[in-house]
Every structure is written in C-alpha cells, then in structure tokens.
Amino acid sequence: MKRIAYLLLLAVPCLAQAQNYSTALLPDSLRKGARAVIRESELILEIKSPGKAVEKEHNVYTILSPNGDNLGGYTSSFGKFNSINEISGVLYDSLGKQVRKVKRKDMQDKTYVDDMSLVSDTRYLEYNFYCKVYPYTVDYQEEDDINGILDFSDWIPLLNSGISTQHCKYTIIAPKDYTVRYMLMNGAAPPLITENRDKKIYTWEASNLPARNTEPSGPRWREMVPYVLIAPSDFEAQGYKGNMSTWENYGKFIAQLRAGRDILPDNIRQQVHALVDTIPDKRRKVYALYHYLQQNTHYMNVSLGIGGLQPFPAEYVAVKKYGDCKALSNYMVALLKEAGIPARYVEIMSGNDAPPMIEAFSSRQSNHIITCVPMGKDSLWLECTNQTVPVGYMGTFTGGRKAILIDDDGAHIVATPSYSADDNTRCRVIRAQIGADGNLDASVNTMYRCVRQDLPQSMIDEMSAEDRTKYLNELFSLPTYTVDKSHYEEEKGPLPVVKEDLHLLAPNYAGVSGRRLFIAPNLVDRSHKRLPADSVRKYDYITDRAYTDIDSVEISVPPGYQPEAMPEDVTIDGKYGRFKASVKFDNDKLIYYRYLQQSIKHYPPADYPGLVRFYEQLYQADNQKVVLVKKE
Amino acid sequence: MVPLKPLTYIAAIVCLCLLSDLCSAQGKAKNTWGKITPADFSLSAKSPIIDNNTNAVILDDEGSVHYIGSKTGWFSYVYTRQTRIKIINKKAFDLATISVGLYGRDESAERISNVQAATYNMDNGQVIQTKLEAKDVFLNRMDKEQTEAKFSLPGVKEGSIIEYTYTITSEYWHYLPYWQFQWESYPCLFSQYQVEIPRTLSFIFVRQGAHPYSTDKGAEGSGSYNIHNSRTATSLDQDRYYSINTIKHTWAMKEIPAFGDERFLTTPENYLDKIDFQLSATNDGETSYDQTNSWAKATEELLKRDDFGGALEQDNDQLNALTDKIATGDGQLAQAKAIYYYVSRHFTCTDHYDKYIKTNLRDVLKSNRGTVGDINLLLIAMLRRKAMHVDPVVLSTREHGFNLATYPILQRLNYVVARLKIDDHIYYLDAAHPQLGFGQLAGNCYNGHARIISNSDSASVWFWADSLKEKKTTMVLISNTDKGIEGQWQTTLGPEESYEVRKRVSEKGEQAYFKDIQTSWGEDMDISNGGIDSLDKPEEPIKVHYEFLLKQTAGASVFYLTPMLGEGYRENPYPAEDRKYPVEMPYTMDETYILSMEIPQGYSVDELPKSAKVAFNADQGYFEYLIQQGGGMIQMRCRVKLNRAQFQPEDYSALRDFFAFIVKKESEPIVLKKK
C-alpha cells in the first residue's frame, strides 16, 4: 500500500513550488521588446466526470515597466459553475524577496451587473498590488472546484503582445475513457500523453519564448502565435448532458436547452395571425413580424441560470417585452413558427473585430445569438436585440462571418451576408456658391448604403433632433459652419439606404487675400489618414473596410476670376485602392469629382511603403486648393 | 426656452422651521396610483416644454418623507417615491429600468419595501396593465456598503405609460434625502416633494435652480413615535410612545423643461432645480442641541474624525521610518519635495472622489493605493513627521459642483489637497496625480471655494479657473540652406498641456511622440533631432523642439505658404450656434506664435496677409496678427489671449465670432512668386 501511495505522488502532477524570482536571472532574450515576463504559468485541470473538475492555477509574472501593470492585477470569477477553494497572491521585489502576501479576504468581491443588466449570479474577486517599483513580480495561486462543464481553457503560451514566457505548462488529467479534444493551431506542438492506472494525462510545456508584438492594423493575436484549442467531448451542466465532438452533437445540446421554450401565449399567437395571415409573400411576413419584434421588445440582460446558454421562454418575453439575445431570438423563432415560417436559432461571434470561427473544431465559439430564416440564397438574417437596425441587415456587427445554425438534426456552419465595396457606397452631390467674401452656401445631398449608412442610421434612430443638429455642427472639418437644414429618409431592408439632405453655411470658407480666392474644392470628404513612414513591419497590414465613395461638387464663384493654380488630376488604380480626383474651372464654376474605392485586403510587409505612399497621395490630393485671381 | 439668469445657483439657504408659514392643512393628497385612463395617453394638452426632441415626458414625480421611531436608534426616515412617465419612443426605454441605491450593511442597512410598478399600454381603446412581479426585483450587492435594488418594467413599448413606487426606510435620520425637480434629459409636468419632520429635528435647506415653485407651503401637524428609549440615563431601556408636533412642508414645480446637454459646462449639477437639506438642531424633549454647521464646527469634526484629521494624530512607526528614510536633502523645501514625489510616484489613486481615508494610513502604506483622502492625508502625515507646517484643504472638484463658503456641507466636498507653508511661502500639493509637479493642482480643483482644515490656520481660500493660466509660446525659424527650406520648431507649453504630454510620453515613450508628429506632417516635412525638455521636472513647463525640412514643389512658379504651418485653429472650438448656459472653460488661454522666415531664394512676395487686431468684449481678450516683410525676411507674430475662463450666455455669439475670425485669419497664405 505504501508503495502505491508513493507512486501516485510521483505520477500526479502538482503545482511548482516557490522559486527564486529575482529578475537578475532573466535572460536578455526574454526582456527584449517585453513589458512583462511570464515566469511561470501552470494550469492543472483534473476532469473527474463530464460535469465535474478541479482546476489549479499558478501564475507568476514579472512586470518590467508601467505598461505591463495590467498583468500585475488579478481577477477571477465565481458563481454557479465554479467555486474558488483557495486563492492567494504574493508580491516580490526585483531581488525576489517577498514583500507582501494576500488572501481571499484581502481581495475585492465585485458584481458584473452594469447598466445593461438587471442581475447576475456570477461575481468576481479582484486584487492589485499597485506596485510602482519596477521590475516587480506577482505570484497568484488559485484552486477551483468546477461544477458544470461547458468548455475548457485553451493553451496559449504567449499570452499577449509584449509579454515573453519563461516557462509555462498545462496538464489535463482525465479518466482514461474520456476524450479530451484539442486542435493544434499555428504550429503548436502536440501534447505529451501518458497513462497512469485509470487516468490519461496530457501535458503541454514550453520554455523561453521571446515576446512578440502586435502591429497597428496587423493580424489578431491568435493569428500570430501558436496555441491549442481544447474542448470537452462529453459534458454536463445543471442537469443537462451533451457531447460536443461534432457540430451535430453540439447543436443537439443547444436544441435541448431550448426544448419546450417556444410556446407563445394565446394573445400573442392571435396577434401573429392578425399581422401576417393576409400577407401572401413569405418575405413580407418576416418583415412584418420583425417589425413587430422591434416595436414590442428591447434588450435587457438577465444573467441567471445555465451559464448564459439557456434562453428564457418565449412566454417570458411575451409578458416582459425584454430579454437578452438568446431570449429575443428564441422569441423571434417562435413568432415565425406560429406564422408557419421555419426559422433557426444561430450562434455567432459578434463584434467588428471578432476572431474567425474555427470550423474544424466544434466548441463554444460564440457570444451572441441571431435568427436566420432560411430561403435558399436569399436567407434573411435578423438581429433581435436592436430596435432600429434595418430588417435582414447584419452590418459589421455580425455580417461577413461564419456562424453555427442550430436545426432539427444538430448544427450547421453557415455564412452571414458580407458587404462588398460595391455595397458600401456613399454618393454625394454638392451644389455650392462662394461669394467674393469667401462665404460658402452649400446643399449637400448624400446617399449612404449598407455599412456606410450605419452612422447616419444610428444618428437618426438614437439621437434627438436637437442632439442631431449639435452632432452635425461638429461633424465636418470646416472652419466655422452651421447646418441650418437637415432631412433624412431611410429605406430599410437587407441592403439599407439612408438619404441625407443638408444645407450648410460656412462663413469665410474660401481664403480671401487681396486679389486672390483660395478654395479647397473637396468640401467635406478629405482623407486625414497618414501612416508612419519609418515603421518596420513584420506582419501583414490589413485594410478592414470595403467601401466606395463618389463625390460630385459644383461650386459657383463670383464672375471675374481666373485660375492661377489648379490641382493636377490624380488617378491611382493599383493594388491599394482606386482613387480619382479632378477639378476643372469652367464658366465661373469649379467642377470637382472624386472617386475612392478600397477593399478588405491583407498586404504583406513588403507592400507597406506602397501603402504609406498611397495614403499620402490621397491626403495631398484631398487637401489641394484652387487659387483664383481676379482678372486685372 | 426660458433664458436663465447667470449664476442662479447662488443657492438660498433657509431655515425650514422659520419658513413654515403656518397655514391650514395642505391636504392635496391626490392618490392617483394605478388610475390611468385613455385620456392620459394623449399629450394633446400642448405644453410648451414638449417638442419633437422629447423622447419621454415625466408626467408626475412625487416624493415624500416622514419619520418613525426607531428600534435601534432614535428615528428612522421613510422615503416614498411615486413616478409616472410617458415613454414616447425607444430612445427613452432606459427610463423603464430603475436602480435604487441602498446604503449600509447588517442592521443599519437601508431597506426597500412596497415596490410596485406597472406598465400601461393602449390596445383597441382599452388600457392594458402589465404588473411587475415581486420576484423580478433584484438586489445586487455592489460593495461592502452599497446595495442596488433594480427592476425593469415589463411590457414597455413606444407610447407606454409606466408607473412605479417604492419606499426606503433608513436609520440615517440626520440625512434628509434631497429632491431634484428637474430631469436632465426629459421635461417634467409636475414634481412634488413633501416632508413631515418631528419638532425634535430641525433642518435648513439649500435650494438651487432657475424655475419657480408652484407650491411652497408649510403646515403643522403631529405624529406618534415609538422610540426605543436609551437616551435618558435615568430609565432602563424601554419602548415608549411619544406624541410629537411636526412640521410639514410641500414644494412643487410645474412644467419644468429638460435640462439638456451642454459642452464647456463644469457640471449640470450646479444648475438643476434641486432642494437639499442639512440638520440644524435636535431636541430630546428637554434640551435643544444646536446642530447648525459652521466652518468652525466642521473643522473640529473633520479634525477629530478617524478617517480624516484623527488619522494624522495616530502614531505610526512604519510611516515615521519611511519618512526618515526618504526625506533626504537640505532644508524643508528639499525634504518636502522628496516626500511629495515619493508619495505621488509610489501610490495609486483608485478613487479621486473620496476625501476620507478608507481604512487607515498603515493600510494605505501597505496596499500602495487609496482614495485621494488616503493619499494626500498620508502626504500630510509624512510632512508633519518632518515638523512641517502643513494642513489639509477640502474642496469640491468642478464635476462635483459648487460648494458654499457661507455654509459647510461636507457631502459637497469630495477632494482634499495639502497646504504647505515654508518660510511664508504657500504651496498647494496633490499627490493623487503622478504627473503633477510640486505646488501644482489639477485643473478640476479650480472650482471656487475651498477650506483649510486646521487648528491654527482655518480659513477659506479660492481657486478660480480665471487664475489658472494656460500659456503657450511657439517659435519657428525658417532659413534657406543647401538642403532647401529648413526650420527650427520650439514650443513651450502651459501646465495643462504639459501634464498631458507627460502622461502621453510616460505611456508611449518619447520616440512614439515624435513619430506621431512626423506622421501628422506626412510628406510635407521631414522632422529630425526632436527633443522634450523638462520631462522629469514636473514643476516646469514642457518644451518641445525639433528641426524640419520643408518639402516644397521645387521650382513652382507660384507657391502658397500658410505662415501658421501646423499651428493655429482650423476649426471653431465653439461649433454650436447658440447657448443657454455659461461657458465655463477650465483655464484662461494665452497662445503666442512667432515666425521668422527667410524668403526662399529666387522668390519674391506677391501677396502678404494683412495685419489685424481685434479685441474681445473690450478688454476681456484680444487676437493680434502682425506680419511684415523686409530685408529678405518675413516676420510674424500671432497671439490669442483671453483674460477670463467663464463667459455668460449673452457673450457666446461674440465668442464664437471671435474664433471664427481667428480661424479665417490663421488660414491665410503668403503668396510667393518666382522672380
């Protein structure tokens, strides 16, 4: 018996004990380009059963400079799914001498509730040593009991930009018959797998990884460094069981959470029929019901229950008229079902800068829910948490990406609509007069489409008329001006349009100097972007917006002037974008035309100087002035 | 819009019991709870305060406070609020989620009760009610002392009327809750506050705002109070019923417009229609105790408090040892600076709005962090260890609103700095902002009245924005060399901008700072040899300098050069056309730009902008633009100076025009022609 116990002790990994964390021992390779160093990062996850696990964590960070301070603090959440058994922190000075030690009672216990949420059953502990003497080292240890499993921590040995790693290790101890699923990304090394009696042990380990740094407009961190995606096979939480080895099984689990939650009260069912029964066209029916949803519900986060995964029943939304994305999408699906239109609940990663989905690895990869009405190529996509967004329009929040559509036989990966440079247009026509005093009077008529209409659309729908006037009077880079008339029209739909008519007065717009008039013919659409020329790039430069701008400007000037200096026409038609600008003087009128198109593209580092030049040409061309001289 | 008189906030302080003209019972107890008819949905009775900007209308907002006897203390107050709102559109849905702050813990925690709420919608001519369920009222613990009660009304859509009421019972009887009649973003048709106070308590009140009361009446009454009596030494603890005469008072306002949102305003808090209370006397049935505050009393209290002056008295070996270690240097000034910079650079301020010490100075020393009270009182304790003449000064920051020199209200003071006296020279110190220099205060401390809390030196001091001078001087020298048109750039910044540059450089580094400047010039000029002087001398202004090579189209027959180069105003800083409230800038400005330029070889000046000088409101400021050529040189000097930081609404259009002229003038180019 004694011998077995001894063996177990040897075989079961335990957290590394305190070492010497003097910073004198840090090699230069780990200091270079680093604001902080991970001295030690060890995670041991012991899976007891599909629903239970113990997680032990030990993290030691040395902070080299103030911009590494965010790594000096610690936060850890707890709630229905995990309890913190033990948590402690130690501060060391640069010599590795212990300065202070803290326990749970020293940490702040905080709530996640904010303006957008009513209540949450998850809280977090927070601590910060606020050390200002650099370098310093913090050492945090934590042990959690996990009760309810939906995902596992990934292994990412290089944590973030400007942080090097001296040593890190991730160990998963699982029952022998339990499959731990993982996927090696960007060249990450496979784990060492050993067995010990009825346990299977997976170990990843890495040492002495120099810091890497992100670059402006560069790739995302997870596209730059090796890491390992890790997820459960069988899992269980709050009495619900599932398996996520395939998207099909994953979808079945999500479907199970929603089962029986799509029942509408009678009064709502009647309203649905009253609304759509007389509409023959399926698409129009969807429009009507979506409008009904937008008119009758709003977003409110009530974070209770199973890990933010299970929607509140349709009946809850029917009465309260509010819910989070899950509840509102579930409700929308129920409304459509009542109208005889099959619709799907779709998991998606939202946000303008969401990481792409890893299709080959079925796991929780979403933070948001939307609704899809399948219609072949013209499927309609509905954002249910926004009361004003045009029907079927996804914009940059959820458009142009992969999502997980939950259906009767599990789940499928689908693509949401993406918007090209030809969709995202801004066409502007300006008719203006400039007097001899330099005062400008202009009618500015603009048509915005798709992503280009996002800003004016939100302005119409979220601002009061007074605030909108204030906003318009700060919008343009004109010296001093007043927008005295504004008018908007919206065409809502999957490719939405906003039409804007403005009238503005800009005293002293043109410079008057003796006999001369200085006029910038590009009134309101100047490029202000300039890139630092001396940056050395290691990674791609990514242009992340696709759009087309077309401007036609006609400016009448007082009679008796002739051009002294006219900007040259510019035409750029290259890999960085298409740009055209021209100005003519004809019959006391300046006729200006501008065209700019850019697409979403990755440019390798060798193209960077070309990009700098491209933006500089744009800047120069857009800020050109026409000089007119009074005829003698 | 009703034009506001300037400085309407100079608040009136009135004693509640004096003002009560004892008229017959007020008795306008209109109980309208839950009684909503189809007529209530139409806002057809056109009110001038409702227009197409209105997203919701506060139909009725009523609060009341009365006192009851307390089991644990003396009295408790019972505060009830009942509010009815018409939601016109989605932009006002936020109003349907209500958050009520509750203070205290355990038996002294404030309690919420009687939460009722309902939404009313019109459906086919019928009023449909959706009630809030009791289980949908959530209590969120925010920190040790604060709990939030939160609920969201069910069934809200555009056009809904919502109504809610709740009651708070509080042991903090000495704080009679304030009432705000005006709402920041929504017009309010009727707002009323009623208080009934036993004669044993007296309050004075502070009122502010521009709008008149429609009701302002007092009456007498009486109440029965069950008080757990442990105040008299003679009797045993026991419950007793007391019948006590009361003072009732009702204030109401009608048709209060939404406040709106304005830039360049210290804080709307200074202007909203509001009434606030301060305890002035208590009476235990035998003796009356004057509780009227005065600076003498407030000073005495603050000096005694464990979380303020009291903490300075406690002996602290650790603090003493640390002070002795760091306070090196000869003379008091050198030692004071050593202590100041040690504190400001080693401690992190995590709450800039709490003048008190959170736990104690030992804990602050240990945890390296604290409130502004923690940090600046620590500073004071350390300076005193070196026998320096130093005292705390309490004040209210600009965003916190005004405070009164005539009457101390401690809640209105949220900040503390140190006043150090060395050889008849006074220094004000703030260690809660690490980029400040010794003897400097952050801009938001310049908010009028402040008070020295001291046994010997108690007095009022004033920090006015008008006295804070932001002076900037830029000098540019341009000459012709074999490389082309070369120049030297040198800017000396004012304290605010110096502070910002120090902050930016400490975050991103000096190299990144100049890289940003180069990027902003693009291909127009190449900059080199950049440097920042006085970065590590926070008491001195920052000086930024670099050299540049102007890249001009070689050989152009005519070329146009704006003499301001990148400086000057290209947009009007006052974009809005009109203004309801004063413009309250954080400091006065004085910007000078000087250019000395050699005329490029082979060119002559064809046109030079004309010199100009305009005054702003006679002697309140001026703009001067002087330019001349001679001896192959162009000399230019441009100055914008404002002597004041605060401008009244009627001066606004002059201010806007003043800057419009500056923007125009500063954009004028010099025309150079090839000879």
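Predicted model: local features only at pLDDT ≥ 70, side-chain atom pairs only at ≥ 80, totals over all residues.
Residues are numbered from 1 along each chain as its sequence is written, and chains are lettered from A in the order in which they are written. Local features need pLDDT of at least 70 and side-chain atom pairs count only at pLDDT 80 or more, while totals for chains, interfaces and linings use all residues.

**Domains of chain A**

Select residues 13–223, 246–415 and 425–630 of chain A in turn: these are domain 1, domain 2 and domain 3, with bounds from an automatic or database domain assignment. Taken over C-alpha atoms, the centres of domain 1 and domain 2 of chain A are 35 Å apart. Between these two, 14 residues of domain 1 of chain A are in contact with 13 residues of domain 2 of chain A; contact requires C-beta atoms, placed from the backbone, to lie within 7 Å.

On the domain 1 side, go to strand E7 of chain A (residues 117–120), which gives the most, 4 residues. Strands (E, at least two residues) and helices (H or I, at least four) are DSSP runs, numbered from the N terminus. The domain 1 side divides into 6 nonpolar, 4 polar and 4 charged residues. Here Ala, Val, Leu, Ile, Met, Phe, Trp, Tyr, Cys and Pro count as nonpolar, Asp, Glu, Lys and Arg as charged, and the others, Gly among them, as polar.

**Helices H5 and H6 of chain A**

Next select residues 266–276 (H5) and 282–296 (H6) of chain A, whose axes come within 9 Å and cross at roughly 135°. Axes are lines fitted to C-alpha atoms, for helices over the stretch in contact, and angles run from 0 to 180 degrees between N-to-C directions. H5(A) is therefore oblique to H6(A); angles under 35 degrees count as roughly parallel, over 145 as roughly antiparallel, 65 to 115 as roughly perpendicular and the rest as oblique.

Show side chains for A:Val272, A:Leu275 and A:Val276 of H5(A), which meet A:Lys285, A:Ala288, A:Leu289 and A:Tyr292 of H6(A). By class, this contact has 6 nonpolar, no polar and 1 charged residues.

**Chain A against chain B**

Now display both chains: 47 residues from chain A and 51 residues from chain B make the contact. Elements giving two or more residues on the chain A side include E7, H6 and helix H12 (608–622). H11(A) supplies the largest share of that side, 5 residues. The chain A side has 19 nonpolar, 16 polar and 12 charged residues.

**Residues 76–215 of chain B**

Finally, select residues 76–215 of chain B, listed by UniProt (unreviewed entry) as "domain: DUF3857". This stretch is 0% helix and 58% strand, with its end C-alpha atoms 26 Å apart.

Terms used
UniProt positions renumbered as here; feature names shortened; annotations may be inferred.
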